[in-house]
Amino acid sequence: QEWSDQFDDIRSYHDKEVPAVVSRLIDQPYFREILERLIQNHLVHEQAHADVSNISERLIDDLGEIKSVAHFQSWVETHLVTPIRSSYESLKVTGLEGLNKQQSYVFISNHRDIVMDPLLLNLALLEGGFTSAHCAIGDNLLTSQVSADLAGLNRCFAVKRSLRSPKAILKAMKLQSQYIRYIRFNENQNIWIAQKEGRAKDGKDLTNPALIKMLALAKPKDAPMDAYLDSLNIVPICFSYEWDPCDIDKAQQLQAEMELSGYQKSGGDDLLAVEKGLSGNKGKISIVFGTPLSCCNDSPAHKSISKQVDDFVHGNYEFYPNNYAACKKIKVDPNTACPYTNEEINHAKKQLSMRLKDVEPEIAQRIYQAYASPLLQK
């Protein structure tokens, strides 16, 4: 079956388009700036001294040789993952052994970081011998040519979030659903999508059942919804980050939304969040993969799947000392056995206090609540 032109507005790049896109990227000063900052951050973490512009030029020379999406992803893995690795202490991946490398899946996860979630997911898949996933990304993040090109080269497809009319939204959702169906069945490739629009800024990981309904919009007319959803091979994933580099920004945004009617974040906020998420300290990270879900007969298919995703995320979240320390800060009993010593919890409390020493009390309260939420939702 030929690739349908109807996907041109949202799809990632084809291999034949890659050389021209790479050439355009290399000519963008903003791209070179991002590259140099990543290298600089890495050298600071490693306490190494080297000529940043020399390293950057070498990477750009290598980039100029790239002719395919797989080649570009390999370049990212070779050159950029090392600087990014220095922003976290450890990465633990579990559950991949329960999946089949010859099979393709629709992964649905909780969403904490704009770029790190899909980047770490693909890193885990590639290192586990799987193919990388096509990742859904909001068009609010594709406002510059550089971000659109980087996303398209990384197998990202656009989710239209800027639409306002119900008719346009439904049309875009149908297209997105058809694209996912095409990738899953015609290309036999993996897809990743977050459980709801936007990151969980309050630490509460809850699937929007409308997302599952969207996945079913492309089902054949005569196929029951539950049978089609089962055939998609929906697999839940749980991301747990010890520290969130954007925790203060998220809390400030939630506060502003509460205080100011019609609050709109500025266009630069998302790009700043991407940069902080990539370079800021995340401590320990855990990624847990589930197995394909099946609809239960006792509730509507979309609600059944969304509840199972929630149950998986809440049941597989990795708790760190700061989650327990945050509960103590807001004087809430998590009602679950704590595996950490008093010394570890007290150290985490000090880290939280230091982190929040310059923020207003209501913002600090929101951040404690966000770190406590994973424990409380369990």
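## Overall fold

The predicted model contains 16 helices and seven strands. Its radius of gyration is 21 Å, close to the 21 Å that the globule rule gives for 378 residues, so the protein is as compact as a globular protein of that length. Taken along the principal axes, the box filled by the C-alpha atoms is roughly 60 × 60 × 45 Å.

## The largest pocket

The largest pocket has a volume of about 1,200 Å³. It is lined by 42 residues, and those closest to the pocket centre are Gly138, Asn140, Arg161, Glu197 and Gly198.

By class, the lining of the largest pocket has 19 nonpolar, 12 polar and 11 charged residues.

## The second largest pocket

The second largest pocket holds about 830 Å³ of space. Among its 37 lining residues, Val115, Leu119, Leu150, Asn154 and Leu278 are the closest to the centre.

Two or more lining residues come from each of helix 2 (29-46), helix 4 (69-79), helix 5 (81-85), helix 6 (116-127), strand 3, helix 7 (145-153) and helix 12. Helix 2 provides the largest share, seven residues. The lining of the second largest pocket divides into 27 nonpolar, seven polar and three charged residues.

The largest cavity has a volume of about 170 Å³. Of the 19 residues that line the largest cavity, Arg112, Asp244, Lys250, Ala370 and Tyr371 are the closest to its centre. Helix 11 and helix 16 (361-377) are the elements that give two or more residues to this lining, and helix 16 gives the most, with five residues. The lining of the largest cavity consists of nine nonpolar, two polar and eight charged residues.

The second largest cavity has a volume of about 40 Å³. Its lining is made up of Arg112, Asp113, Tyr241, Trp243, Asp244, Pro245, Lys250 and Lys282. By class, three of these residues are nonpolar, none is polar and five are charged. Arg112, Asp244 and Lys250 are listed among the residues closest to the centre of the largest cavity and also line the second largest cavity.

## Packing of helix 14 and helix 15

Two packed helices are described by the angle between their axes and the distance between the axes. For helix 14 (residues 321-329) and helix 15 (residues 342-355), the axes come within 8 Å and cross at roughly 75 degrees. Angles of 65 to 115 degrees count as roughly perpendicular, and helix 14 and helix 15 are therefore roughly perpendicular to each other.

On the helix 14 side, the contact is made by Pro321, Asn322, Tyr324, Ala325, Ala326, Lys328 and Lys329. On the helix 15 side, the residues in contact are Glu344, Ile345, Ala348, Lys349, Leu352 and Ser353. Taken by class, the residues of the contact between helix 14 and helix 15 are seven nonpolar, two polar and four charged.

Note on methods:
Residues numbered from 1 in each chain as written. Predicted model: local features only at pLDDT ≥ 70, side-chain atom pairs only at ≥ 80, totals over all residues. Heavy atoms only, no water. 1 Å grid on protein atoms, 1.4 Å probe; cavity = no way out; pocket = protein on both sides within 12 Å on 5 of 7 lines; lining within 4 Å. Points joined across faces, edges and corners; volume = space filled by probe spheres on them. Nonpolar A, V, L, I, M, F, W, Y, C, P; charged D, E, K, R; others polar. Helix = DSSP H or I, 4+ residues; strand = E, 2+ residues; numbered from the N terminus. Axes fitted to C-alpha atoms, helices over the stretch in contact; angles between N-to-C directions. Parallel < 35°, antiparallel > 145°, perpendicular 65-115°, else oblique. Contact = heavy atoms within 4.5 Å. Rg over C-alpha atoms; globule rule 2.2 N^0.38 Å.
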